[in-house]
Structures are given as C-alpha cells and as structure tokens.
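Here is a short briefing on one protein structure. Have the sequence and the 3D view open as you read.

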Amino acid sequence: MATDRTAGAVLAGMMLLFAPPARAQTHAMRDTNAAVLRGASPGDTAVVPLPEVVVVGTRVPESLRTIPAALTVVSRGRFENSRNISLADALVGVPGVLVQSRAGSQDVRLTIRGFGARGSGDRSNVANVRGIRVLTDGVPVTEPDGRTSLDLVDLGLADRVEVSRSNASALYGNASGGVVNLSTDLAFPRGYSETRAIAGEFGYHREQTVAGFALGRSRAVLSLVNSTFGGWRRHSEGSRSLAQLRLAAELSQGTRLGVLLDAVTDISRFPGALTGAELAADPAQANPTYVTRDERRRDRQGRVALTLDKSLAPAHDLALVGFVEPKYLQRSERGSFRDFTRYHTGGSATYRGALTLDPDLSTVVSAGLDEAFQDGAILFYNLTPEGDRGTTLRADKREAANSAGGFAQAELRWHEAWSARLAARYDILWYIAEDYVTPALDAEKRFERWTPKAAVSYTAGAHTVYAALGGGVEAPAFNEIDPPPALPPTAINPLLDATRSSTYELGGRGALAGGLRYDAALYWIDVRDDIVPWNGGSFFFTAGKSRRRGAEAGLTWSPLRDLTLNGALTVSDNEYVHYVRDDSLFDGKEIAGLPGMVANGGARVALPMGFSLEGTVESVGRYFADDGNGARVPPHTVLGATLGCQRSFRSITLRGFVAGQNLADDEYVACAFINGTGGRFYEPGMPRTLSGGVTVRWQ
C-alpha cells in the first residue's frame, strides 16, 4: 500500500532530477492593478515587507511600508512547492495566524488573533471560516452573515496572499477580525501556458492547466483544476473540479475593466472528532455516527464579478465592484438530508483622493459603500439507511441575510514621515427566517453598529512604527442562531447579540543591515459577547467578557547569498473575564481553541544546478478544547523538508519538488472540535506524508 501511495511522488522526483540543466529564473510579483512589486521570487520563502509593495487587501491600494496595521504579504514562492491543497500551505508561519488542517484536505480552521476560533462544529462542518473576511482579487467570498465557504478559494492561481492581522471592521464591517486576499498576477509581459501535476500519499493527486493571454495592454488568465484526496482517515475523502478566469482590460487611459468567473463542483466527506480513547487506539478511525449517516457536503457554485477602476483626476480614483454567486448545496448532516438553493449578490463603490496642502503636508480621503444580499430555500428530508435523501419532507424554510454599510477614512501626512488616520463605519445586518411548515416560528433580527478606528505611524527609511485603536463587530452567522432547547421555539435565538471588540495595537516592521527583515506587534483585545458553540455547535452562547493579549514577530535573515532563514513566533494569553452558562462559571478559564504559543521556523539553501533544499518546523503549544478547560490538547512539533529545482531551456521552464511533512511520524492533534459532543474533541493530524510535483511552463 505504501508503495502505491508514493508512486506519484517518486515519479515526480525522477522527472525533476533528469530534467535538462539551466539557470533558474525568477519573476516580479505584481498586484491586480498591475503595480510592479519588486518583491520575492518564486524561490523566496520569506514573508517580505518591502517599500515597493502595494497591497489591495486594505480596501484601497497603498504601500505596505506605511500602513499603520499588521499586514503580511506571502509570495507564491512560499507555497509553490507544496500540495496546494488548502490555505494552510500558504499561511502556516504567518505571525498571529493559526491554520489547522482538520482532516488533511482543503478543510481548515483559520484563526487570526483569536478571531475565528470557534470553527464550524457540526453545522456545515467542512471548509467554513468564521469572523475573518476572505477575498479573491478584491471580490468577497465571505457571505453577508460572516460565514466563508472555501470552495472557491484555491492557491493554484494566486500569485500572492495578503493577510491583514489587524481588525479591519472599520473598513469591511461584519466579521473582519482579519482579512485574507488572494491576488492573481495580471501583469505578465507576454502569453504563457503551464501544466502542473502534484501527487502524494493517501490517494492525493492534483492536475492544473493555466493559460495566460496577452493582447495589447489587456491580460487574461484561465485555470482548470481537478484534485482528489483519498483520505488518510476513514470517511475523509474528497474531490474538487474548479474553473477560474481572470481578465483585466484597459478600456482607455485610466479606465480598467476586470472580469472574474468561477465555477466549482466538489464533494467532501468528513470523519468527525474522536474521544481521547479513540484517538489513542486508532487515530485513523472516524466517528461511527458520521460513517453510518455518510455525513458529507456536496457543493456546486458559480460566481461572476465585474470590477471597474476609473481615474477621475490625478490622485483621485473610483473603484466599482458587482458580483452574483448562485449556489446549490447538499448536506447529510445531523441526521437529515439538506438541500440549499441560494444566490449571493452584491457590490461596492470606493473612492480615494489625495491632496497636497503644502510641500510637507498632504491628506488622503477614502470612502465606500457596500451592499450584499443572500437568499434561498432550505429543504430538510429524512435520511435513508444508506445516508441518502429520503422522501419525507421534514422542513421547508427560507433564510435571507442583507448586509449594508459605509465607511469613511481620512489620513493626514506630514514631513514625509508622520501619518495619522481616522476611520468610522456604520453597518446594518438584517436576518429574515421564514418557516413554511410552521409559520409561527418566523422571525427577523437586525444588528446595527458604528465601528471606529484611529492610528498613527512614523516612517524613517526602511522602518515604520505604528499605534492603533480600533473597534470590531461580528454578528452570529445564520446557522448559529437556533435557540437552545430551554427557550420557546423560534427561528432566531433572541439571546444572541453581535460580538463587539476593542483592539489596542503597537507594531513595527522594516529592514536592518545584514539582510534582516522584521515584522512585530503587540496587541490587547477586549471582547464582549464572544460567540461560543455548545453541544457540538447545535446552539451557541455568548461569553460576557473575554480578553486576548499577545505578542507576535516574524523575522527573515539572509546572512549569505544562498541561505535564507525565517521564523515566526506568537505568544498569547487568552481568557474568559466573565462568562456564565447555566450554573457554570468560567471566569479566569482559558478560551477554548487558542494555544498560548505558536512557533515556526525554516531554512532554505540554494544549491548548484537550480536545486534548493528547505527545512521547516512548526510547534503549537497546549490548549483546551472546552470552556471548562477539562479537555486538554497536548503540544506538538512537526518537521518538514522540501527538495526543489527549477531549470530552463529556451522558452520552456521546468520546476519540480519532492516534499515530506511530519517526517518524525509523530501522532498529534491537529485541530480541536470546540465543546464537542460525547467527549469527542480531537481531530488527529496526518502521519508522515510524502508528495511531489512537476510544472512545465511554455512562454
């Protein structure tokens, strides 16, 4: 069996080693607005804050060097030589970010400074993120109620990933405790085509074809992906087929039209969490109830988005976005078969203008409006003994959510060093729940919030320091609003309110002599009404007050031309200040799901003939999986290594890699099921896993 599983990786390695030698090539990163970014090459594993980098994940394009917030840019070289199966391949090692693979596939739990820690529970268990806004090329993937399904999120077309670790609610509104934006390169000099193949153990294979088209000043990229994962645990297999198109057309001087098309079909089965005894006996087993009911998720989604960037005058710009996203979703979940038919539509308008008041004083003003609406029908049926849809209709519902908001931000800059900015946003989130079987359960709920933010920064040469104070808001997602059994029946839990937070932050980034680059921050976050799952997420409570304090740092050092060292460390203290549930008092308990320490390190050395060798280490400290701190998740450390190569001959470039994860083959808990049911808290991590891949590029 092991020989069969590793055949693809061995074959990829042989193709790599016998490729014709040539000099390795690099390319410059560019953002979706075609600003040239003199950043890291594909072989660079560093997270690089450089003065030239322009980011768009901050709502308006601006230089990373002067942004008064914690923001990390991850170049494609960080994740190119990986399985490319999930966001974990790109975001592991970013300070302040915890990415946990739940069963080795695309399903991850993503946490930024504690936001998103609760995960999904039994509700739409696979590939859902909470409290963090996810964008692709500036177009939102996150739904109006704050949920993010990762079906349309794929690293294969991403040239870089921007991660805002600071709360961005003052710009984006609900569920923006952090922001992740995947950006496509649409500024390549001439057309190209690429074929990529990756294979690995446990039945994993991924094939991708990419074609880039250049016509005058217009650019387009088409990507087709097919991937299959057999699963290392029982009942954890999945597959996905994804098509993506990105087009940027210069309509006239200062006017740029963008087109984004996505279509995906996928199916995922999930094994569920285990008890401590089950974990010790056989981590590859699954929750037997999940197997019996064949708990799974099948999604078919499409997305069409148009963007228009218009220069109104020198230093005055307008950006318009409109999108529509139809969805057909099926679930075998919690003892019933569920059909969801939804459409998600919305748009935004953002203005940015700059004015020079005198040679030492200037101002930048930004403002924007957002509107997003999702509506659809939900049908619940009984499950057959085989886990299929039965003929008995159990529920017929409608769920609709509308999110509308606007923001304004003003920044004052003086002496080309100092900057002060103020921002404020107002949001209205409206939920409508209708039950066509029992109309008495119909309910509506509105959440309205002002969210302010203030920041000041100082830039000197290659160094920037900043201080910020900002608010945050996060409403419960639609599948979190069912009331507890003790309350009268209704469609929306009347006890739930939006989570409010205040973040105090001090940070800095820059470069020192000797090739040392740094990115560091201190934060203190006070949270009211934090949303906490109970009984496996069958319903949710709010913790009255909680507090998260932390220090995070990322370092990259190139002491020699062919050697790069990098590391990231996050140390945090996360506790419930005041939290009462029923007769239980959790004051002073650690917040479930948040480790006190996460550390990552890596070393990469460039070898002759275009080869490179990289070693990585990831260490996660102990934490608890329940509010009472009785279910302890032990610490773990995972080692990895990658051998890569890039060689070119005339118009053909060949890249390949062979990689291994968890090289020590340790048994560990990769993720926790917060406040799980029946003592099932633990989702085990993958054993030693080998993979390899080859990319052929014609240009």
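Which order do the five strands of the open sheet have? The order is β5-β12-β13-β9-β10, and the pairing is mixed. This is a predicted model: local features need pLDDT of at least 70, side-chain atom pairs count only at pLDDT 80 or more, and totals for chains, interfaces and linings use all residues. Residues are numbered from 1 along each chain as its sequence is written, and side-chain values use heavy atoms, with hydrogens and water left out.

**The open sheet**

- Helices (H or I, at least four residues) and strands (E, at least two) are DSSP runs, numbered from the N terminus.
- Two strands pair if DSSP finds at least two bridges between them.
- Strands of a sheet pair through backbone hydrogen bonds, either parallel or antiparallel.
- The edge strands are β5 (71–75) and β10 (139–140), and each of them pairs on one side only.
- β5 and β12 run antiparallel and share five bridges.
- Val 73 has Glu 162 in β12 as its bridge partner.

**A hairpin with a covered strand**

- β6 (residues 97–101) pairs with β7 in the antiparallel sense, over five bridges.
- In this pair, Val 99 stands opposite Leu 110 of β7.
- β6 and β7 form a hairpin, with six residues between them.
- Gly 104 sits in the turn and has a positive phi of about 90°.
- How many residues of strand β7 (residues 108–112) are buried? Five of its five residues are. Buried means under 20% relative accessible area, exposed over 50%, and partly exposed in between (1.4 Å probe, protein chains only).
- Both faces of β7 are covered: Val 108, Leu 110 and Ile 112 are buried on one side, Arg 109 and Thr 111 on the other.

**Salt bridges**

- The structure holds 52 salt bridges. A salt bridge is a side-chain nitrogen of Lys or Arg within 4 Å of a carboxyl oxygen of Asp or Glu.
- Asp 154 forms one with Arg 206, and their closest N and O atoms are 2.8 Å apart. This pair links distant parts of the chain, 52 residues apart: Asp 154 is in the loop between β11 (148–149) and β12 (160–164), and Arg 206 is in strand β15 (residues 204–215).
- Why does Asp 154 count as buried? Its relative accessibility is 5%. Arg 206 also counts as buried, at 3%.
- Arg 165 and Glu 552 meet through their side chains in a salt bridge (2.8 Å, N to O). Arg 165 lies in the loop between β12 and α3 (169–172) and Glu 552 in strand β29 (residues 539–560), so the pair ties together parts 387 residues apart in sequence. Both residues, Arg 165 and Glu 552, are buried.
- Arg 246 and Asp 262 form another side-chain salt bridge (3.0 Å, N to O). Arg 246 lies in strand β17 (residues 238–252) and Asp 262 in strand β18 (residues 255–269), so this pair ties together parts 16 residues apart in sequence. Arg 246 and Asp 262 are buried.

**A loop residue and its contacts**

- Where is Ala 491? Its place is in the loop between β26 (463–474) and β27 (499–512).
- Ala 491 and Asp 435 are 56 residues apart along the chain, and their C-alpha atoms are separated by 7.8 Å.
- Not counting residues up to four places away in sequence, Ala 491 touches Ala 433, Leu 441, Ala 443, Ile 481 and Asp 482. Contact here means heavy atoms within 4.5 Å.
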